[in-house]
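Okay, thanks everyone, I'll keep this short. Have a look at the model on the screen and then I'll walk you through it.

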Amino acid sequence: MFCPKCRYEYVAGIKECPGCREALVEELAQDHQPAQNSESKLKPGYSKPVTVFATADAGLLAVVKSILDGAGIKYFARNELIQGILPVQSGAFNSLVEIQVRPEDADDARALLDVKGV
Ligand SMILES: [Zn+2]
């Protein structure tokens, strides 16, 4: 149960928020999107991004990101579930992350990643 005013969650059985005196509701209205694209540094409507790297390895991904950060290249990490290849149970590790950059940065990004041997 949730208070629609302060959005605090209460255990089932409580009918009213002790703080706001608001009647609790079953679910809060979803008025904001989950921050799934928080890593996006590209503005929407920009030129079509180019995938320069893809991995399901979180450690490698961190290396690639630090290389691009260090070079000042703006990138976008896009998650893609590998459906039907890996068992669903592997959860978070079941996703391939694509590193995408602006077309004008693609060559630089590829060159950097080649040099670092990733
Ligand atoms: Zn409240």
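**A walk through the chain**

Let's start with Arg21, which sits in the segment before β1; helices (H or I, at least four residues) and strands (E, at least two) here are DSSP runs, numbered from the N terminus. Arg21 has a positive phi, near 60 degrees, and it is a residue other than glycine. Most residues other than glycine have a negative phi. Arg21 is exposed, because 9 other C-beta atoms lie within 10 Å. On the cut-offs: buried is 20 or more other C-beta atoms within 10 Å of a residue's own, exposed is 12 or fewer, partly exposed is in between, and the C-beta atoms are placed from the backbone. Arg7 is also in the segment before β1, is not a glycine, and has a positive phi of about 65 degrees. With 10 C-beta neighbours inside 10 Å, Arg7 counts as exposed.

Now, a word on what we're looking at. This is a predicted model, where local features need pLDDT of at least 70, side-chain atom pairs count only at pLDDT 80 or more, and totals for chains, interfaces and linings use all residues. Residues are numbered from 1 along each chain as its sequence is written. Mean pLDDT (the predictor's confidence in each residue, from 0 to 100) is 79 for the chain, with 69% of residues at 70 or more.

On to the fold. We have two helices and three strands, in the order β-α-β-β-α from the N terminus. What follows α1? That's Gly72, with a positive phi near 75 degrees.

What about the inside? Buried residues are 11% of the 118 in the chain.

Last stop, Val50, in strand β1. It counts as partly exposed because it has 17 C-beta neighbours inside 10 Å. Leaving aside neighbours within four places in sequence, Val50 is in contact (C-beta atoms, placed from the backbone, within 7 Å) with Gln100, Val101, Pro103 and Ala106. Val50 and Gln100 are 50 residues apart along the chain, yet their C-alpha atoms are separated by 5.0 Å.

Note on methods. Two residues are in contact if their C-beta atoms, placed from the backbone, lie within 7 Å.
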